[in-house]
Amino acid sequence: MWDGGRDLRVCRDGEGFGVDRDEVVAEFGRYLRLERDLSPHTVRAYLSDVSSLLDHTGGSVERLEIGVLREWLAGQHAAGKARATLARRTACARTFTAYCHRRGWLSGDPGLLLGSAKAPRPLPAVLDQRQAEAVLDVASTGEPKELRDQALLELLYATGVRVSELCALDVDDVDRERNVIRVVGKGRKERTVPFGLPALRALDRWCIHGRSLWMRAGSGPALFLGVRGGRIDAGTVRRVVHARLAQVEGAPDMGPHGLRHSAATHLLEGGADLRSVQELLGHASLNTTQIYTHVSIERLRAAYRQAHPRA
């Protein structure tokens with residue numbers, strides 16, 4: 001089969017001829033990366049799911065039909081897979097069969113008949129405002145590492161950016177005149193996010209008294225650096241967040257995403273409207289942002305139960 005200049009090999013699968021399994025998986029991976037622009041983590045997960053599905057069909061794309069898809073998912077459920085995993089694999093199966101149908105490898109799209117499995121959406125753990133202040137109100141000796149850690153913590157909480165977005169920031173992405181940063185988020189969508197004076201002061205201290213000492217020939221324009229002068233990685237940021245939270249009594253143990261949750265919750269509690277928070281966080285759907293309204297309501301209920309004599 002010919003497609004876009006690529007010649008997919010034809011092989012015998014035991015019941016007639018069909019497209020080669022490895023070529024199909026490779027083409028699907030290219031589609032996810034280049035056309036869907038999915039993250040490397042999501043691509044790896046989807047390709048693993050597709051391999052599992054094709055194992056179930058004996059490697060044959062042509063055998064994919066609604067009964068086979070349901071058998072595969074039922075087997076996953078029987079094996080004790082989590083609901084979130086089942087939801088992802090259902091979404092992957094639908095994406096894969098739609099792709100195969102467009103390519104002409106399937107005469108119809110059986111994935112259209114699959115129900116949409118929904119993963120549970122537990123309320124995220126968040127800091128209360130007192131705990132957030134305690135996390136950020138820490139004395140510094142002026143060492144570069146302490147200046148960097150304080151700056152990235154202030155910026156995470158001030159803006160609610162994802163850890164990947166924070167690590168990707170360059171010096172020129174910070175507009176100190178307008179107190180905003182330029183962020184490139186999921187799907188390579190760019191947005192502008194404001195931050196306050198505490199974050200600005202922390203960034204200035206880091207850039208003037210810390211970053212300049214850690215810069216090396218290969219540092220490039222990265223805003224946050226590791227101790228060897230390269231761009232900071234997500235693992236380092238997570239360790240910084242966990243270590244700082246461990247110093248605050250009563251604070252939940254969570255990573256950078258917990259600071260994102262906390263920032264969104266505190267914005268809503270302070271009177272920000274849901275649409276503005278959606279813009280700040282870079283959510284494609286307002287439904288994603290609405291989880292933070294539930295967090296705020298749960299806090300209100302907890303306060304009511306504790307304080308009201310007839311709760």
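**Terms and their grounds**

Analyst: Aspartate 37 counts as partly exposed, at 24% relative accessibility. This is a predicted model. Aspartate 37 is found in the loop between α1 (21-35) and α2.

User: Why is aspartate 37 called partly exposed?

Analyst: Buried means under 20% relative accessible area and exposed means over 50%, with partly exposed in between. Aspartate 37 has 24% relative accessibility, so it counts as partly exposed. Its phi is also positive, at about 55°, although aspartate 37 is not a glycine.

User: What makes asparagine 179 buried or exposed?

Analyst: The relative accessible area of asparagine 179 is 16%. The cut-off for buried is under 20%, and therefore asparagine 179 is buried. Asparagine 179 is placed in the loop between β5 (174-175) and β6 (180-184). Asparagine 179 is not a glycine, yet it has a positive phi of about 55°.

User: How do you know whether leucine 127 is buried or exposed?

Analyst: Leucine 127 has a relative accessible area of 0%. As buried means under 20%, leucine 127 is buried. Its place is in the loop between α4 and α5 (129-136).

User: Which two distances, in sequence and in space, describe leucine 127 and proline 252?

Analyst: Leucine 127 and proline 252 are 125 residues apart in sequence, and their C-alpha atoms are 7.1 Å apart in space. Across the protein, 58% of contacts between residues at least 6 apart in sequence join residues at least 24 apart.

User: How do you know that the span of helix α3 agrees with expectation?

Analyst: Helix α3 covers residues 66-78, which is 13 residues. The expected span is 1.5 Å times one less than the number of residues, and for α3 this gives 18 Å. The end C-alpha atoms of α3 are 18 Å apart, so the two values agree.

User: What surrounds α3, and what lies at its ends?

Analyst: The buried residues of α3 are Ile66, Val68, Leu69, Trp72, Leu73 and Gln76. These residues pack against α2 (40-56) and α4 (83-103). At the N-terminal end, glutamate 65 caps α3, with a side-chain oxygen 3.0 Å from the backbone nitrogen of glycine 67. Just after α3, glycine 80 takes a positive phi of about 85°.

User: Why is α10 called largely enclosed by the rest of the structure?

Analyst: Eleven of the 14 residues of α10 are buried, so the helix is largely enclosed by the rest of the structure. Among them are Leu259, Arg260, His261 and Leu268. Helix α10 (residues 256-269) reaches 20 Å from its first C-alpha to its last, close to the 20 Å expected at 1.5 Å a residue. Glycine 271, which follows α10, has a positive phi near 110°.

User: What describes the packing of α6 and α8?

Analyst: Two packed helices are described by the distance between their axes and the angle between those axes. The axes of α6 (residues 144-159) and α8 (residues 197-214) come within 8 Å and cross at roughly 145°. This crossing is left-handed. The residues that meet include Leu147, Ala151 and Leu155 in α6, and Ala202, Trp206 and Leu213 in α8.

User: How many helices and strands does the protein have, and what share of its residues is buried?

Analyst: The protein has 13 helices and seven strands. Buried residues make up 44% of its 311 residues. Its accessible surface comes to about 16900 Å², of which 52% belongs to carbon and sulfur atoms.

Notes: Residues numbered from 1 in each chain as written. Predicted model: local features only at pLDDT ≥ 70, side-chain atom pairs only at ≥ 80, totals over all residues. Heavy atoms only, no water. Helix = DSSP H or I, 4+ residues; strand = E, 2+ residues; numbered from the N terminus. Buried < 20%, exposed > 50% of the residue type's maximum accessible area, 1.4 Å probe, protein only. Contact = heavy atoms within 4.5 Å. Polar contact = N/O pair within 3.5 Å; in protein donor to acceptor, adjacent residues only side chain to side chain. Areas by Shrake-Rupley, 256 points an atom, 1.4 Å probe, with all protein chains shown as cover. Axes fitted to C-alpha atoms, helices over the stretch in contact; angles between N-to-C directions. Left-handed = near helix turned anticlockwise from the far one by under 90°.
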